[in-house]
Amino acid sequence: MRILFDSRKEQFKTPFGTIRTGQNCILHIHIPKDCGATGVRLRLEDCENRPAGEYAFAKESQTEHYDIYRCEFTSSECGLYYYWFYVTKQDGGFRLFRQGRDTNMEAGDKWQISVLPEDFTTPEYAKGAVMYQIMPDRFFQNGSCDLRDKLQPFTVHEDWNELPNFVPDAQGNWCGDFFGGNLNGVREKLPFLKSLGVGVIYFNPIFMAYSNHRYDTANYKRIDPMLGTEDDFCALCDAAHALDIRIILDGVFSHTGSNSVYFDAKHIFGTGAVSNPDSPYRSWYRFRHYPDAYECWWNMPTLPNVEELAKSYVNYIIEDDDSVIAHWLRLGADGFRLDVVDELPDEFVLKLKKRMRALKPDSLLIGEVWEDASNKRAYSISRRYFVDAELDSVMNYPWRTAIIRYALGEDDGSALGETVMSVAENYPPQVLSCLMNHLGTHDTPRILTALSKAPVSESKAERGAFTLSEQERAEAKERLYLAAFLQYTLPGMPSIFYGDEAGLEGFEDPFCRRTYPWGREDAELLEYYRAIGRLKNESAALRFGDVRVTEAGNGRLSFIRRYENQAVRIYVNRSEQNWNLPEGKVRFGRGIASDGNRIMLQPNGFCILYAKEL
């Protein structure tokens, strides 16, 4: 018989997942009587594999075949820890590790546990809110803007429905083509966003920059002229807040643009590190040879890296009375999403978070992380995003990948179920409830295209011109219904990349960054997103509840969401057979049948069930 321990089951570990400083963690391990064990010890290690504690188990009870041992421990030190067991016998002993959900002697992985600050909280409004991501140049235009200070060169498309440029202009410049979407355009469409149930808007960068994506910041304290003015921003925030919608800005603090007030490679501003050797911004940059050799992001000379912990940089971005953070929060912003947060030092992120909370206690800080953020290592350092309460939320790429694979039939549900529970176990519950759960972003193909099985051409021009056939689009839409259902019923903030709800297609950047198809929306898809938005907002269990996967495999996935006295079961059927469900009331779904007595979920069907017994 196997030694029994499963960190996800209450009979073996409480509480589930992470713990807070000073909170008791209780472990039980079941050891077969014929093993000859005389004792068990818990070995705790920090994220650098250094011993962090050792605790003895005591025999608590027994069954016919097992001796049950119990251990209780607490920690006063926040941190990421790993643990394993040592089982003693009269003739020696052995180490016990994790192998999948089982235990294994002398080989395998360690279990993970994070100890969090006792006072770690996340904003209530973000928990389970519907998020909407906007690339403002491509969303909607209302009126014209004063372009006299717009960085040159640039062009503005005459036709809103044209394809974004995917080759450089005649002078070799990239990303200088615009469509003219602006902040006033977003403000005009706020009622539309509210109809989708949106409670949080996340903007790609809006600060002055040369490019259309604006990740090459030219001035952190100025709206890009193509988007409008500071007054326009304030008006947008006021109108959004009146509708109970929060505004999150993109903070790009690991690098600036080379064509900026701070670096000034083109000698436009006269104040930058290149144009003025005595510039106050000189210490921000890492010059190997001044002024023409410097560190830059991904070796792109237009994106010079900054020294984030330079005192003047920290003051400018965070600490000054009118720092960048203070400036925009006071004007109405409700938080920031940190671009490439793994390239920002933990000390910088923590300072930023503390200043945000001092200025606006319910402000929200999201990080761009593509992996499991709880154990993320960057530049050989384990990041402290959660154990120091640095981030409230992260972009949830692990679930995105797993949902897409399941919807495409590349996974029978086993991997998706495991990914869901791995994130649920590793992330703090207050973070889990406001994860940015996206299916598409400005960095990924459009979700409708990603869910098709259309062949991908090697030619960029052909990929830009490509559209799904009628059959391919119909099949991709059915998969999107299922994928979005999972996105909205799992914990966190379901995030819509503008236009996904309208059926936009497109491969990689810049084809995923087309303009919103006003007047050409897929009406059926749009109404579906409105329906699941209402569902998310109206259900406390879907907004705030925990999650436990109850079945995963053979094409089937089911999980339960619980909050206080409310609980719902979610079922998704990617198998080729009908799935007979337990008795209960169907709240929402597709592909549901009944023989008068039983509810049956047909292949590719899904539903939410308010069961009588949970």
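Guide: A crossing is called right-handed if the near helix is turned clockwise from the far one by less than a right angle, and left-handed if the turn is anticlockwise. What follows concerns a predicted model.

Visitor: With that convention, what is the handedness of the crossing of α5 and α6?

Guide: Helix α5 covers residues 324-331 and helix α6 covers residues 346-359, and the two pack with their axes 10 Å apart. On the α5 side the contact is made by Ile325, Ala326, Leu329 and Arg330, while α6 contributes Leu352, Arg355, Met356 and Leu359. The crossing of these two helices is right-handed.

Visitor: How are α5 and α6 oriented, roughly parallel or roughly antiparallel?

Guide: The helices pack at an angle of about 30 degrees. Angles under 35 degrees count as roughly parallel, and therefore the orientation of α5 to α6 is roughly parallel.

Visitor: Which residues of α6 make the contact with α4?

Guide: The axes of α4, residues 311-319, and α6 come within 10 Å and cross at roughly 30 degrees, and α4 passes α6 in a right-handed crossing. From α4, the contact involves Tyr313, Val314, Ile317, Ile318 and Glu319. Their partners in α6 are Phe348, Lys351, Leu352 and Arg355.

Visitor: How many residues of α5 are buried?

Guide: The buried residues in α5 are Val324, Ile325, Ala326, His327, Trp328, Leu329 and Leu331. The helix is followed by glycine 332, which has a positive phi near 135 degrees. As a count, α5 is mostly covered, the number of its buried residues being 7 of 8.

Visitor: What is the relative accessible area of serine 323?

Guide: Serine 323 is found in the loop between α4 and α5. Leaving aside neighbours within four places in sequence, this serine is in contact with Lys221, Asn315, Tyr316, Ile317, Ile318 and Arg355. Buried means under 20% relative accessible area, and serine 323 is buried because its value is 0%.

Visitor: Turning to the strands, which residue of β29 stands opposite valine 547?

Guide: Strand β28, residues 546-553, and strand β29, residues 556-563, pair in the antiparallel sense over 7 bridges. Their hairpin has 2 residues between the strands, and asparagine 554 takes a positive phi near 55 degrees there. The residue of β29 that stands opposite valine 547 is arginine 561.

Visitor: Which residue takes a positive phi in the hairpin of β29 and β30?

Guide: Strand β30, residues 566-573, pairs with β29 in the antiparallel sense over 8 bridges. Within this pairing, arginine 562 stands opposite alanine 567 in β30. The hairpin has 2 residues between the strands, and the positive phi, near 50 degrees, belongs to glutamate 564.

Visitor: How many disulfides are found in the whole structure?

Guide: A disulfide requires a pair of cysteine sulfur atoms within 2.5 Å. A search of the whole structure on that basis gives a count of 0. Cysteine 145, for example, is in no disulfide, and its nearest cysteine sulfur, at 15 Å, is that of cysteine 234. Cysteine 296 is likewise in no disulfide, and the nearest cysteine sulfur lies 16 Å away, in cysteine 175.

Visitor: Which class does cysteine 296 fall into, buried or exposed?

Guide: Cysteine 145 has 21% relative accessibility and so counts as partly exposed. Under 20% a residue counts as buried. Cysteine 296 has a relative accessible area of 16%, and its class is therefore buried.

Conventions. Residues numbered from 1 in each chain as written. Predicted model: local features only at pLDDT ≥ 70, side-chain atom pairs only at ≥ 80, totals over all residues. Heavy atoms only, no water. Buried < 20%, exposed > 50% of the residue type's maximum accessible area, 1.4 Å probe, protein only. Pairing = 2+ DSSP bridges. Helix = DSSP H or I, 4+ residues; strand = E, 2+ residues; numbered from the N terminus. Axes fitted to C-alpha atoms, helices over the stretch in contact; angles between N-to-C directions. Parallel < 35°, antiparallel > 145°, perpendicular 65-115°, else oblique. Contact = heavy atoms within 4.5 Å.
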